[in-house]
Amino acid sequence: MDVRVAIRRVLIVLRVPQALPAAGFLAVILIGSALLWMPWSHQPGAVGYFNALFTSTSAVCVTGLVTVNTANDYTVVGQVVILVLIQMGGLGMMAYAAMTLSILRRRLSLRTQAALHDSLFQRDEARDFARRFRQIVTITLSLEAVGALLLFLSLLPSTDSSSAAWRAVFHSISSFCNAGFSIFPNNLVDMRANHFFLAIVMVLILVGGVGFMVLHEVTGEARRLLSRRERGKPHLFSLHTNIVLRTSLVLVVFGAAAMLLLGMTGGEQTWGERIEAALFHSISARTCGFNTIDVGALPMATLLVLTVLMFIGGSPGSCAGGVKTTTLAVMLARVRGYLTGQQEATLMGRRLNSDVVRGTGLLLVLVVVWNLIGLLILTHFEQGRPGIQFQHLLFEQISAFGTVGLSTGTTTAGLSVASKIWIIATMYVGRLGPLTLVTLAMYRRPTRVGFPEGKVMIG
């Protein structure tokens, strides 16, 4: 192929708005891997370039899967690099580019504004994007700062102030960004007795997983309630916010109840410990990946519940992965419409746009196909390996795609190089979203060719 033709095609693809986050995330991953590979970022001989690349991908994609121990194998410098990568991945490379341009008072192109606005908000207008984005950054940093302060206070009784401060900042950002990275050697297993610490982590995970538009509306409502002049005025959240909040609540309650019913690890001696562990992992499984128990010791039915939660994930415009809560709500509404004979899908008394319904169906098909291919690849390369079973590979695949980070024991570190490469690709696709990559791959001029109708039998 002629080099000029190849360059021209690359430039055409880069004109697509969805190419901006794809290229941005890839660039940061490569830069992060180089920084983590430097000798000052890890203990001598502890981290090779491939492990650095895996960690960088996991951090930028806010996943939390690791092949080496973050607390023991990386130095403080390396942990700082990981934390910066998590923060950049949580807010998104496109958002950071827009913030830089906004600070420099440069004008964003309409194409860039539209792409950024669609990834962060539900509304279509982009004229006040800069103001809204500043609100996003303010909300994010404020919540992370409050979370860090509360975590710091929870750690003070048993930790010196400098260590407590660093651990508080790291886990606050990791929790809000739904990353699941921890600088404790055993993740949060050793923190089970610190109930206040775990409660703050759970709140940060939930807040970081609902989406920036929901946070914008909720904080706006909080300010309105605190204002004496507008306190008595009625206010209704948007349909999107209502769906996100209600679906998230149902998933948290369902996950915790199912885990209590199907069984825990046996290490939880009292009902209080069981309820806390079930609630924590019902929240964490929806794309964060912190764990306070040995996930590999859970019954197979409980692992399946966690797999379903990881597959669903968080909400649009958030730091979370998965197919999203709104996708679940839209598909359930469409199924209900089919069963009741309705021509259109409705939710909470509102008719859903047909393009949204079709996009949701396409998204689910792409996600299922990608994960089936991934499961096939993992089972092929890992067959015969001692200690790795089919359910472990299924759990690992969905955890990587949902950018969760939960793993059954040492499955991630024990995978072959080929399987780890696939996990890296899956984390990348899961963070960007399958529709983004498909849009890139299928970017063509619209065709005006029509085809005759055909009929097939189904069922």
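Okay, ground rules. It's a predicted model, so to speak: local features need pLDDT of at least 70, side-chain atom pairs count only at pLDDT 80 or more, and totals for chains, interfaces and linings use all residues. Residues are numbered from 1 along each chain as its sequence is written, and side-chain values use heavy atoms, with hydrogens and water left out.

The big picture, then. The protein chain has 20 helices and two strands; those are DSSP runs, H or I of at least four residues for helices and E of at least two for strands, numbered from the N terminus. Of its 459 residues, 49% are buried, and buried here is under 20% relative accessible area, exposed is over 50%, partly exposed is in between, with a 1.4 Å probe and protein chains only. Taking contacts (heavy atoms within 4.5 Å) with a separation of 6 or more, 69% join residues 24 or more positions apart.

Now zoom in on H14, residues 300-312. Its 13 residues reach 19 Å from first C-alpha to last, close to the expected 18 Å, where expected is 1.5 Å times one less than the number of residues. Which residues of H14 are buried? Thr-302, Leu-303, Val-305, Leu-306, Thr-307, Leu-309, Met-310 and Ile-312. Their cover includes helices H12 (239-262), H13 (271-284), H15 (325-340) and H17 (390-401).

Over to the salt bridges, meaning a side-chain nitrogen of Lys or Arg within 4 Å of a carboxyl oxygen of Asp or Glu. There are two in the structure. In one, Arg-385 and Glu-382 meet at 2.9 Å, N to O; Glu-382 is buried at 2%, while Arg-385 is partly exposed at 35%. The other pairs Glu-344 with Arg-351, closest N and O atoms 3.7 Å apart. There, Glu-344 is partly exposed at 42% and Arg-351 is exposed at 55%.

Last stop, the surface. Leu-26, Leu-30, Trp-37 and Tyr-49 make a nonpolar patch of about 390 Å². Patch residues have over 30% relative accessible area and no salt bridge; like charges are joined within 9 Å, nonpolar side chains (Val, Leu, Ile, Met, Phe, Trp, Tyr) within 5 Å. Areas come from Shrake-Rupley with a 1.4 Å probe, and for residues only the protein chains shown count as cover. Helix H2 (residues 19-37) gives the largest share, three residues. Leu-30 is in H2, and is partly exposed at 44%.
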